[in-house]
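Here is a brief report on charged and aromatic side-chain contacts. Please read it alongside the sequence and coordinates.

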Amino acid sequence: MTAPIAPATTSASPAPADPPSTPPAPAGARGPRRGSSRAGRTLHAGPLAYGILIVAVLFSAFPFYWTIVAASRSNADLAKVPPTLLPGPNLIRNFEAVLEEADIGKALLNSLIVSGSITLGTVLCCTLAGFAFAKLRFRGRSALLAITIGTMMIPPQLGVIPLFMLIAELGWVNQLQAVILPGLVSAFGVFFMRQYLVQSLPDELIEAARVDGASTARIFWSIVVPIARPGMAVLGLLTFMAAWNDFFWPVVALTSSEPTVQVALRQLGGGYVHDQSVIMAGTLLGTLPVLLVFGLLGRQIVGGIMQGAVKG
């Protein structure tokens with residue numbers, strides 16, 4: 001007598017779960033607006049936006065283009081009505097006249113020394129002061145910050161006479177340090193770096209570094225400087241341009257034997273009738289280093305700002 005055979009059982013794989021359904025939109029909710037891009041897609045500007053940008057670029061670039069036109073023409077061509085809008089053949093001749101009338105080579109070197117020193121000093125000192133006002137706790141911090149910001153409201157012309165008396169007592173008249181030292185720190189730079197570090201430097205990083213035994217100097221060089229690099233680049237570019245284009249204090253503290261670019265340009269086109277073409281040629285020579293610095297650092301500055309904004 002045989003035992004009954006148990007029925008074979010088949011192992012069935014579990015059915016796949018249904019994908020989660022998208023919850024219904026609440027009543028009254030609107031769909032995405034027309035023209036907005038979805039995630040991962042790039043926004044495209046319309047013809048009106050491109051037209052406005054083109055007009056803005058033309059208006060911004062026309063003064064520099066006119067400088068090139070005026071520097072390559074003669075004084076008689078610039079006096080014509082309507083004026084000529086195409087470059088001429090006198091650019092090299094006007095450059096030679098600039099070199100004869102002013103020591104523009106020495107002026108460019110002096111401006112490079114002055115602007116570079118002021119930029120380095122301003123970026124370093126303002127970053128240190130901005131870090132102290134933003135993240136350090138000490139007595140009188142608010143009062144000192146208010147005094148620093150308050151100095152921005154004082155016209156710089158009011159301090160020219162006492163500053164010149166101090167420079168004369170030190171024997172620095174007609175020397176480059178007379179222009180460099182008064183510009184090593186700026187109230188705007190301190191306020192700018194303070195605001196930047198308040199937004200971009202978390203307090204948790206400083207507290208973690210304190211727990212690990214890092215000193216304030218180590219925190220500044222290892223944590224603050226890498227985070228503040230985009231802001232330092234922007235401040236450095238603004239400071240370099242302001243120091244390069246400064247005319248008022250250099251013309252007071254320096255003479256024609258130790259000029260900066262702006263002081264040397266004052267010697268161009270002399271005579272009963274000023275030669276505007278020679279003046280514009282000297283202006284073009286003085287503008288080229290600033291354009292070179294901006295061309296080399298502009299993309300890095302914009303990229304650093306955007307990178308800091310994404311990480312923040």
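The sections below cover the model, its salt bridges and its aromatic pairs.

## Model and conventions

This is a predicted model: local features need pLDDT of at least 70, side-chain atom pairs count only at pLDDT 80 or more, and totals for chains, interfaces and linings use all residues. Residues are numbered from 1 along each chain as its sequence is written, and side-chain values use heavy atoms, with hydrogens and water left out.

The structure holds four salt bridges. The term requires a side-chain nitrogen of Lys or Arg within 4 Å of a carboxyl oxygen of Asp or Glu.

Arg-73, Asp-77 and Lys-80 are linked in a salt-bridge network. Asp-77 pairs with Arg-73 at 3.9 Å, N to O. Asp-77 also bridges to Lys-80, with the closest N and O atoms 3.5 Å apart.

Asp-77 is buried, at 15%. Arg-73 is buried too, at 16%. Lys-80 is partly exposed, at 46%.

## Salt bridges: a contact across the sequence

Lys-106 and Glu-258 form a salt bridge through their side chains, at 3.2 Å from N to O. Lys-106 lies in helix H4 (residues 104-135), and Glu-258 sits in the loop between helix H11 (248-253) and helix H12 (261-265), so the pair ties together parts that are 152 residues apart in sequence. Helices are DSSP runs (H or I, at least four residues), numbered from the N terminus.

Lys-106 is partly exposed, with a relative accessible area of 30%. Glu-258 is partly exposed as well, at 24%.

## Aromatic pairs

Two numbers describe an aromatic pair: the distance of the ring centres and the angle of the planes. Rings of Phe, Tyr and Trp (its six-membered ring) pair if their centres lie within 6.5 Å; planes under 30 degrees apart count as stacked, over 60 as edge-to-face and the rest as tilted. How many pairs result by this rule? The count comes to five.

One of them joins Phe-220 and Trp-221. Their ring centres are 5.2 Å apart and their planes stand at 80 degrees, so the pair is edge-to-face. Phe-220 is buried, at 4% relative accessibility. Trp-221 is exposed, at 55%. Together with Phe-131, these residues form one aromatic cluster.

Notes
Buried means under 20% relative accessible area, exposed over 50%, partly exposed in between (1.4 Å probe, protein chains only). Helices (H or I, at least four residues) and strands (E, at least two) are DSSP runs, numbered from the N terminus.
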